[in-house]
Amino acid sequence: MPVRPTRVQLLVTCLIDRFFPETGEAVVAVLERLGVAVEFPDTQTCCGQPAFNAGYAEEARGLARHTIDVLSASDAPVVVPSGSCGDMVIHQYAELLADDAPYAARARALAARTFEFTQLLVDVLGETDVGAVHTGRVAYHACCHGLRGLGVDAQPRALLACVKGARPCTLDEADVCCGFGGLFSVKLGDISAAMLASKLDRVVASGAETVAVTDVSCAMHMNGGLRRRGSGVRVRHVADLLAATGDS
Amino acid sequence: MNASAVPFYRRVEDALANAPMRRAVQRTATHVLHTRAAALSRLDDADGLRDRARAIRAHTLSQLDRYLDQFVGTLETLGGRAYFAQTDDDAVRYIRDLVRTRGLRTAVKSKSMISEEIELNPALEADGVRVVETDLGEFVVQLDEDRPSHIVAPILHKSKEDVARTFRDKLGATDADVADVPHMTQFARRVLRSAFLEADLGISGVNFAIAETGGICICTNEGNGRLTTTLPRVHVALMGMERLVPTVDDLGVMLDLLARSATGQKLTVYSNVLTGPRRTGEPDGPEELHVVIVDNGRSDVLGGELAEILYCIRCGACLYACPVYQQIGGHAYGSVYSGPVGAVLTPALRGLADFHDLPQASSLCGACREVCPVRIDIPRMLLALRRRTVEEGESPLWVALGMQALGWTAKRPALFQTAGRLAAAMGGLAARDGWMQWMPGHLGAWTRSRDFPVPAAESFTSRWRKRHPKP
């Protein structure tokens, strides 16, 4: 991205939209603080990844086309506060729509201007210190699709390192899956829960009060387990931490 | 390679309940992953070497016919014989015929996954042949009438105490014999030595066959491969038809990565290349060498969307790296090949009817792809198999209904918002401070061990619209 964009479109993701709207607002707050205007095409729904991962290609294609249509009304770059949905749009759409040449071409064009939230901040906008303040011990867990699909790792770590008041904690095996995996978490619920237990043992051992992640799906999973074990540790989207400036 | 009689969910339950097995698997997996990373980091350009290895595998498979022909030709020049087995039965029949016509009585075996795939041991034993596994791990598996749980480390699921018990119960070992691992190794060695001296048939796998020289490369860490392939008068080497490299230089690339990925070693201790049987004037070696090249479904995989799985060099790194394998071990997969590679290879070779659960047993985290020395994109193929599962009608009804409902409503933004509001209202009724401890039906698999959040009463979309009213 040669020119610093002055406006972006937000693909908020269906999970943030319906479960964690304040995280969506945190993303908007951080971007506006950096002087980037946010557009929100409000007919967006789901990117189609649940269907894609379950093997329902036709359903996934329908949602991919819908999302491409919704995000094509504007030519502004797209920001996604999720490595998982970001990977879907950036890497899977074009392959999924390979037999539909017009949409495949639009999918490639969309992929080229779509960025995961921390990638947009660090790689595109060149920002690491966004003026955030958060007091407490903070660890970082690397969500799988962002890490291995998009190469998101250094960006959130750099952003967190600039948060005033945050004392970094090391989370061992930070790049091992928490066991969410979408439908996997209920289809193979006991394996998923065993993976979560291993992850949460390490979270607790890290001594962190807050674990930052780039996907609310993983946060939802880990928080569900932490609540069930009666732990006070909380997992939060990195945008939630970056939005807080200390003035209320 | 038949499907297990026990359903997948029961095998998973059993595995998750087996705490000692899970501890053993997790301890070894963590250790090997660290030594693997260290061994690779000592290479000047590990990533470049992996790219080269991948290119070699891709090239070899793109011209497999040619390289198989070349290999068979060079092997025969050296005095070896090749047999091309289309099915597992063909391979077993060929070896049984050899045993009968040559009057063979005792077989020593070094480790071979393909012998497990074609279920060779029971067939030979039914013919009255004594079969002795000489890889230490496989030796223990055989004594226990167990199955290997990892393609490189067959007794990954056992502790040293388990092995000591086996040696005591099955072989009458004394306390001194099983005092520690070196003593147990010496004990096994004494038992195996007599089998080696007695054997008239040696059965081995093949890590790589070299087309240009007709050589077969066999890697072992215990030296049992050398004895297996040189002492008995007949040597049968079993190989999957994809396990070829064109040249000796290519072999070098593969060996550099195989040991590092499998065990974190620079090189497997005994990496031997055998070129034909004993020649006139040579003191050692078998009188006959038969290389059994097994197809058993591989031809059908070549050229299709799963062909890349045949790049696999059986290092086992993806098993160690897989967080699912780390929890359930190898046996739960119910197939000879377990872990991520098995979840693709088994249904690729044997179909989805019996094995459609395996591609679901993944969170698609991608750790397997990250550690694969030849960069096989296993998640991509798991997704392809999930699509096939849907096409073949093996996907459960509740998933089908859920995904169709998602596909239908999410194309209708207003309806999608309404459905979300409805879910929020219903969830609110069942919740305590914003989280549910119980959910109905299949969703209960979540709340058995985790709380689930209630959807927000007002979505981001709705909040945005209020703050940004349209003119």
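Colleague: In which helix of chain B is E138(B) found?

Modeller: In this predicted model, E138(B) is found in helix α8 of chain B, which runs over residues 136-143.

Colleague: What makes E138(B) a buried residue or an exposed one?

Modeller: The relative accessible area of E138(B) is 2%, and a residue is called buried when that value is under 20%, so E138(B) counts as buried.

Colleague: Which residues does E138(B) touch, once residues up to four places away in sequence are not counted?

Modeller: E138(B) then touches K111(B), E116(B), E133(B), P148(B) and P154(B).

Colleague: Why is the pairing of the side chains of E138(B) and K111(B) called a polar contact?

Modeller: The side chains of E138(B) and K111(B) are joined at 3.1 Å, and the cut-off for such a pair of N or O atoms is within 3.5 Å, so the name polar contact applies.

Colleague: How do you know whether P323(B) is buried or exposed?

Modeller: P323(B), which has its place in helix α15 (residues 323-328) of chain B, has a relative accessible area of 4%; because buried means under 20%, P323(B) is buried.

Colleague: What is P323(B) in contact with, leaving aside its neighbours within four places in sequence?

Modeller: The contacts of P323(B) are V176(A), C177(A) and M195(A) in chain A, together with C365(B) in chain B. As for A367(B), its C-alpha lies 8.2 Å from that of P323(B), although 44 residues separate the two in sequence.

Colleague: What makes the pair R227(A) and D433(B) a salt bridge?

Modeller: The distance from N to O between these two side chains is 3.3 Å, and the limit for a Lys or Arg nitrogen and an Asp or Glu carboxyl oxygen is within 4 Å, so R227(A) and D433(B) qualify. Between chain B and chain A the count is 9 salt bridges, and 32 residue pairs are in polar contact, with both residues at pLDDT 80 or more.

Colleague: Which helix gives the most to the side of chain B that touches chain A?

Modeller: That is helix α19 of chain B (residues 397-409), with 7 residues. The residues of this side of chain B divide into 34 nonpolar, 18 polar and 18 charged.

Colleague: What is the size of the interface between chain B and chain A, given as buried area?

Modeller: The size of an interface is often given as the accessible area lost when the parts come together. Chain B and chain A bury about 5,800 Å² between them, with 63% of it on carbon and sulfur atoms, and 70 residues of chain B are in contact with 62 residues of chain A.

Key. Residues are numbered from 1 along each chain as its sequence is written. Chains are lettered from A and ligands numbered from 1 in the order in which they are written. Side-chain values use heavy atoms; hydrogens and water are left out. Contact means heavy atoms within 4.5 Å. Buried area is the accessible area (1.4 Å probe) that two parts lose on being put together, summed over both. A polar contact is a pair of N or O atoms within 3.5 Å; within protein, one must be able to donate a hydrogen and the other to accept it, and residues adjacent in sequence count only if both atoms are side-chain atoms. Helices (H or I, at least four residues) and strands (E, at least two) are DSSP runs, numbered from the N terminus. Ala, Val, Leu, Ile, Met, Phe, Trp, Tyr, Cys and Pro count as nonpolar, Asp, Glu, Lys and Arg as charged, and the others, Gly among them, as polar. Buried means under 20% relative accessible area, exposed over 50%, partly exposed in between (1.4 Å probe, protein chains only).
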